[in-house]
Amino acid sequence: MVSNHTYTSRVEWTGNTGEGTRTYKGYDRTWDIAVPGKPVIHCSNDPLLGGDPALMNPEDLLISALSACHMLWYLHLASVDKITVLSYRDDPVAQGENMPDGSGRFLNATLRPHITVEAGCDLVRAHDIHHDIHKYCFIARSVNFPVNCEPVMTAR
């Protein structure tokens with residue numbers, strides 16, 4: 001049985017410096033993401049496009065969402081397979097391109113999780129779980145570019 005879900009968010013531009021968008025350089029590329037009952041996330045444009053490098057941008061949020069979705073499925077499937085995960089850290093990277101007309105897109109993403117499992121766990125299965133995740137991860141299944149995974153596994 002298929003079940004549908006609805007996700008909501010409020011994205012509100014905060015970059016009006018007093019004149020709106022009267023001139024191209026006269027406004028900030030900042031906004032807030034607000035989801036009811038959750039902390040507000042302050043965001044900006046990619047620094048390559050004039051954004052504030054101290055704030056999250058859409059590209060940061062997308063690669064982080066891919067990584068987090070993969071991690072959560074990994075933890076779930078490891079638990080089901082009786083593999084005890086002691087730590088999980090990912091340093092994902094994505095490649096993008098900008099076209100002369102100003103358009104851009106992601107070309108690919110690579111997840112690079114460093115996972116420590118309990119000594120005695122099946123390390124082959126712990127590694128192979130990553131291949132199973134792509135059939136479950138909501139975010140990875142929704143993007144139109146390849147998402148690769150290069151895990152590093154250790155036992156402790």
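Q: Which residues lie nearest the centre of the largest pocket?
A: This is a predicted model, in which local features need pLDDT of at least 70 and side-chain atom pairs count only at pLDDT 80 or more, while totals for chains, interfaces and linings use all residues. Residues are numbered from 1 along each chain as its sequence is written, and side-chain values use heavy atoms, leaving out hydrogens and water. A pocket is an open set of points on a 1 Å grid where a 1.4 Å probe fits, with protein on both sides within 12 Å along at least five of seven lines, and its lining residues have an atom within 4 Å of a point. Of the 17 residues lining the largest pocket, those nearest its centre are Asp46, Glu59, Gly96, Asn98 and Phe106.

Q: Which element supplies the largest share of the lining of the largest pocket?
A: Helix H1 (58-80), strand S5 (93-98) and strand S6 (104-111) each give at least two residues to this lining; helices (H or I, at least four residues) and strands (E, at least two) are DSSP runs. The largest share, six residues, comes from S5.

Q: How many residues lining the second largest pocket are charged?
A: Its lining includes Tyr7, Lys38, Leu61 and Phe138. By class, the lining holds seven nonpolar residues and two polar ones, and the number of charged residues is one.

Q: Is Cys137 buried or exposed?
A: Buried means under 20% relative accessible area, and exposed means over 50% (1.4 Å probe, protein chains only). Cys69, with a relative accessible area of 12%, is buried. Because its relative accessibility is 1%, Cys137 also counts as buried.

Technical notes
Nonpolar A, V, L, I, M, F, W, Y, C, P; charged D, E, K, R; others polar.
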